[in-house]
Amino acid sequence: MAGKQTREELENRVKDLAGECARLRDADQKFRSVFDGSMDGLIMVSSKSRRIICVNNRVRTILGYPDGVLVGKIFDILLPSETGQSRENFLDELQVCGGVFTQSFVHADGHMCVLDLMATLVPWDEGWAILCTLRDVSERIRLEEQLRQAQKMEAIGALAGGVAHDLNNILSGLVSYPELLLMDLPEDSSLRKPMMTIKRSGERAAAIVKDLLTLARHGVSAVEEINLNRIVSDYFVTPDYQNLRNYYPNIRVEKRLTEDLHPIVGSSVHLSKALANLMLNAAEAMPEGGKALVSTENCHVSGCQTGYDFLNNGDYAVLTVSDSGKAMAPKDLERIFEPFYTNKQMGRSGTGLGMTVVWGIVKDHHGHIDVKSEAGKGCTLSLYFPVTQEKPRKTSSPSSL
C-alpha cells in the first residue's frame with residue numbers, strides 16, 4: 001500500500017513538473033515574442049561577467065550582426081575604442097546611473113552608427129543584468145541638422161537683406177559717378193584707367209549686393225509655367241555662358257534634355273540664375289579642363305529617400321549639373337551651401353554666395369537639392385522642382401554643344 005501510494009505521488013509529481021515545464025515554455029515563448037517584437041533593439045548584459053546574454057531581432061537589424069554571433073561576447077566589442085572614457089567604465093556607469101545616452105556603436109561592417117541607449121538594471125537568475133534599449137536616431141539627427149541649416153540660412157538672409165539695402169545706397173554713387181566722369185575725360189587722360197577700375201569694382205560690389213538681396217527675399221515675385229529645357233537652352237546663348245567659355249576654354253559642355261519634360265511653376269529669371277551659378281561652380285572645379293554635363297529628367301519619388309536633402313513623395317522635374325573635377329571632401333560637402341564658405345582660391349572664384357543663392361532659389365520654388373561627390377567621378381548637383389498638373393509640351397531632343 002505504501003509502495004502504491006509512493007508511485008501515485010511520483011506520478012502526480014511528474015504531472016506537476018510536466019505542467020510546470022509547459023508553463024515555463026509558454027512564458028518563455030511569450031517573453032521571446034515580446035522581446036523580439038520590440039521596435040527598439042534590446043540587449044541583456046550580465047552585470048558581473050559583462051557578457052551579452054541575449055539580443056533581439058532589432059539589434060541584429062540595426063548593427064548587422066548575424067543570429068547568435070553576439071551572445072556570449074563581451075559588451076565592449078560594440079563600442080568604438082574612442083568613447084571619451086574606457087569602455088569598461090562606460091558599462092559601469094550604465095549599471096550605476098542608468099538614464100539615456102546618445103552613443104556611437106560599431107556596426108558589423110565596421111562603420112559607426114549613432115543610437116540612443118537607455119539602460120535599466122533588472123534581476124536576472126540569482127544576480128542582476130543590464131537591459132540596454134537601443135534606438136536608431138540617424139533620421140532624427142538628419143532632421144535636426146536640416147533644421148539648424150534652415151535656421152542659420154534664415155538668420156543670414158535677414159542680415160543680408162539689411163546690409164544689402166544700405167550698400168545699395170552707397171553703391172549708386174560709386175557706379176554712376178565714374179560713368180559721368182569718363183564722359184568728360186579725354187581718351188588720353190591718365191585718369192581713365194583708375195576711373196575704370198573704380199567703375200568695375202563698383203559693378204562687382206553691386207553684383208554681390210544683388211546676390212544678397214536674392215538670398216534675403218523669400219518667395220519669387222514673378223510666377224509662370226516654365227519648362228526647364230527652355231531655361232537650359234536659353235542659358236547657352238547668354239553673355240554669362242560666353243564669358244564662362246572664354247575664361248575656361250578647356251572645359252567641354254554637354255546637355256541632355258529629356259523630351260516631354262513636365263512643366264513647373266516659378267520664376268525664369270531666378271532659375272536661370274541658379275543654372276548659371278551651378279555652371280560656374282562646375283567650371284571652377286575643373287581648372288585644368290574636363291567635362292560638364294547639364295541634363296533634365298522627370299522623376300517620381302515614393303517611399304523613404306535619403307541624401308543631402310529630404311525628398312517628399314511626388315513628381316519632379318529635375319535639373320542636374322555634373323562635372324568631372326576633383327571630388328569634394330566630406331567636410332566641404334556638408335558646408336557647400338553656407339554663405340562665403342569656399343575651398344577655392346579667394347579673389348578668383350566669385351564671392352562665396354553662388355551656391356547659397358542656388359539653395360535659396362530652390363527653396364523658394366518648394367524644391368529640394370541632392371548633392372553627390374565621389375572620387376574619380378567629380379560632383380553632381382540635382383535640383384528637384386515639383387511639377388504642375390498641366391500636360392507637358394515636347395521640347396528639343398538631347399544634344400551636345
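Visitor: Does H366 count as buried, partly exposed or exposed?

Guide: This is a predicted model, and the values here are computed from it. H366 lies in the loop between helix 10 and strand 11 (368–374). A residue is called exposed over 50% relative accessible area. H366 has 64% relative accessibility, so H366 counts as exposed.

Visitor: What is the phi of H366?

Guide: H366 follows helix 10. H366 is not a glycine, although its phi is positive. The value is about 60°.

Visitor: How many of the 11 residues of helix 10 are buried?

Guide: Helix 10 covers residues 354–364 and is mostly covered. Among its buried residues are M355, W359 and D364.

Visitor: Where does D260 lie, and is D260 buried, partly exposed or exposed?

Guide: D260 has a positive phi near 55° and is a residue other than glycine. Its place is the loop between strand 7 (251–256) and strand 8 (264–266). Buried residues are under 20% and exposed ones over 50%. The relative accessible area of D260 is 31%, so D260 is partly exposed.

Visitor: How many aromatic pairs are there?

Guide: A pair of aromatic rings is described by the distance of the centres and the angle of the planes. Rings of Phe, Tyr and Trp pair if their centres lie within 6.5 Å. By this rule the count is five.

Visitor: Which kind of pair do the rings of Y235 and F236 form?

Guide: The centres of these two rings are 5.4 Å apart, and their planes are at 65°. Planes over 60 degrees apart count as edge-to-face. The pair of Y235 and F236 is therefore edge-to-face.

Visitor: Which residues do ring pairs link into a cluster?

Guide: Y235 and F236 are both buried. Their rings form a pair, with centres 5.4 Å apart. The cluster linked by ring pairs consists of Y235, F236 and Y241.

Visitor: How many residues apart in sequence are the parts that the pair of Y316 and Y384 ties together?

Guide: The rings of Y316 and Y384 have centres 5.9 Å apart and planes at 85°, so this pair is edge-to-face. Y316 is buried, and Y384 is buried too. Y316 belongs to strand 10 (residues 314–323) and Y384 to strand 12 (residues 378–386), so the pair ties together parts whose separation in sequence is 68 residues.

Visitor: Which residue in strand 5 is the bridge partner of I43?

Guide: Strand 1 (residues 41–46) and strand 5 (residues 127–136) run antiparallel. Six bridges join these strands. The partner of I43 in strand 5 is C132.

Visitor: How many bridges pair strand 4 with strand 5?

Guide: Strand 4 spans residues 112–124 and pairs with strand 5 in the antiparallel sense. V122 stands opposite A129 in strand 5. The number of bridges between strand 4 and strand 5 is 10.

Visitor: What phi does D125 take in the hairpin of strand 4 and strand 5?

Guide: This hairpin has two residues between the strands. D125 takes a positive phi there, with a value near 55°.

Visitor: How many disulfides does the structure hold?

Guide: A disulfide needs a pair of cysteine sulfur atoms within 2.5 Å. C21 is partly exposed at 38% relative accessibility, while C379 is buried at 2%. The number of disulfides in the structure is zero.

How values were computed
Residues numbered from 1 in each chain as written. Predicted model: local features only at pLDDT ≥ 70, side-chain atom pairs only at ≥ 80, totals over all residues. Heavy atoms only, no water. Phe/Tyr/Trp six-rings, centres within 6.5 Å; stacked < 30°, edge-to-face > 60°. Buried < 20%, exposed > 50% of the residue type's maximum accessible area, 1.4 Å probe, protein only. Helix = DSSP H or I, 4+ residues; strand = E, 2+ residues; numbered from the N terminus. Pairing = 2+ DSSP bridges.
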